[in-house]
Amino acid sequence: MQDLWFDRWPVLADPAVVFGMQWMREFLSWTFIVFGAVFFLGGTLGLIRFPDLLTRLHALTKADNLGLGCICLGLALRAESGSAAAKLIAVWGLALLASAVSAHLIARYAFQRAIRRPVSVAESPVANPSSHDTTEPPTRTPL
Amino acid sequence: MNDSLVIYLFDTTLALGLLWLGWRTVTATDLFKSIVLFIIFGLFTALCWARLAAPDVALAEAALGAGVTGALLMDAYRVLVHSPQPMTALIARRSLGGVILVLTALFGSLLTPWTTLPEVARDLGEQVRTHLPETGMVNPVTAVLLDFRGYDTVLEVAVLLLALLGVFVLYDETAPSPAITHRVADSALMAALVRLLIPLAGLVALYLLWVGAHRPGGAFQAGAVLAGIGILLHLYERLLPAAPAPWWIRGGIAMSLLLFSSIAVGLLLLTGRLLDYPRDWAKLLMLAIEIGLMISTALTLTLLFSNAPSFRIRR
C-alpha cells in the first residue's frame, strides 16, 4: 500500500505502550457507538410516533444523521489506520449530503402540497399524488 | 460479553427479518407500503451478504437492488397512480394459499440437489487462489468476474442491453408524461447541493472502479453510483427524456458489449481459446473492460429509469 500522510499519525497512542490509553480508547468508542444507537432508536421512534410528514422527516434527518456520526466516530477510534478512520468520517459526510438532498426534495414536495393536518404516510399526497392540483401552492416558495 | 451469542442473535434477527419482510412485501394491501418494504428487504439482503463475507455482492445489492430498483419502483408507482385504472391489491386474499403452495414447491425442488451432493467438496476457492497471480488482480471476486468466468459477464452485459432495447421499442413520444406540477428545478438549495454532489459521486465511482482490483469494489458498483447521479439529475429535471438517441449514447450503451466481445473474438483468433488473456496483457485488458462496463451500466440504468431512448440536458 502507498504511504499516505495520515497513516503516519495513528489515531491514538499505540496500545502496547500505555494500557491506560487503550482502556480510554475502548471506553470512548463504546460510548460513542451506544450514543449512536440511542439516537437511531430515537429517530425511529419519531418516525413511528410523530403526527405529520414534516415532523417525521425532521426526526429522520436530524436524529439519524447524528446517530450515524456518533457511530462513525466510535468506529473511527477503533480503526486500524488513519486512512480507514478518515474514510469512516467521509462516509458520514457523504451520508449527510445525500440525506440533505433527499429530505429537501421530499419536504419541498410536501410543503408545496400544503400538507397541514396530520396524516399517515399511506394517505398523504406523497403516496397519492393527484394529476390535477386542487390545493394552492403557497405564495412565497421556500428555498 | 459473549461475542458469539451476540452474533448469533444478530444473525437470527437478520434471517427472521428477511422472512417477515418478504411476507409483508407480498401481502401488504397498499402498493406504496409494498415498495418501501421491498427497499428495506434489499437492504437486509445486503446486510446478509456482508455477514457472509461477500462485500462486493453486498455493495452491488445495496446500490442496484435496493437503490436503483427502489427508485425505479417509486417512479413506476407515480405513473401508475396517474393512470385511470384503479389500483387493487397485488394478490387477492383467497389465492394466497395457492401462492404459498407454489412457492413451497419451487423452493422444495431447489433443495433436492442437497441429496445428490458429492462426498468430497471441490474447493474452488483453492483453485482461484492458486491461479490468482496470473490475472494480475489481488481481489479474487474481480478476477472471477472478469477472467475466470468472463463469459458469464459477457452474457450479463448482453441481458442488460436487451432490457434497454425493450425501452427503446416501447417508447411512445406522443404519450403525455405524468404531470410534474411543482417545479423543483428552481430551488436554490438543490442547485447548490447537486453542484456539490456530482463531482463527489464521480470521484467515488472512479475510486470504486480503481480499487476493485485489490479491494471490494468493481465496475458494476461504480456504474451504479454514476447511475444514481443520472437518476438524481433526472429527478431534478436537468435531464429530460428525448426520442432519437444520438450516436454517442448508442455507442456508450453498446460499448461494454462491443469491447468485451471484440476482445473475446480477438483472443479466440489469436490464441484459439475464448477469453484467455495473455499474462502480460491481463490487467490492461481487464481495466479496459471495466471502464466500458462502468460507462455502459451507468448509461443503461439512467435510460431505464427515465424510460426513454435518450436524454437532453436542460439549461
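Helix H1 (3-27), helix H2 (31-51) and helix H4 (96-111) of chain B each supply at least two residues to the lining of the second largest pocket. Helices are DSSP runs (H or I, at least four residues), numbered from the N terminus. The model is predicted; local features need pLDDT of at least 70, side-chain atom pairs count only at pLDDT 80 or more, and totals for chains, interfaces and linings use all residues. Residues are numbered from 1 along each chain as its sequence is written, chains are lettered from A in the order in which they are written, and side-chain values use heavy atoms, without hydrogens and water.

**The second largest pocket**

- The volume of this pocket is about 350 Å³, that is, the space filled by probe spheres set on its grid points.
- A pocket is an open set of points on a 1 Å grid where a 1.4 Å probe fits, with protein on both sides within 12 Å along at least five of seven lines; lining residues have an atom within 4 Å of a point.
- H1(B) gives the most to the lining, with seven residues.
- By class, the lining has 11 nonpolar, three polar and no charged residues.

**Aromatic pairs**

- Over all chains there are three aromatic pairs (ring centres within 6.5 Å; planes under 30 degrees apart are stacked, over 60 edge-to-face, the rest tilted).
- The planes of A:Phe35 and A:Phe39 meet at 40°, so this pair is tilted.

Methods. Ala, Val, Leu, Ile, Met, Phe, Trp, Tyr, Cys and Pro count as nonpolar, Asp, Glu, Lys and Arg as charged, and the others, Gly among them, as polar. Rings of Phe, Tyr and Trp (its six-membered ring) pair if their centres lie within 6.5 Å; planes under 30 degrees apart count as stacked, over 60 as edge-to-face and the rest as tilted.
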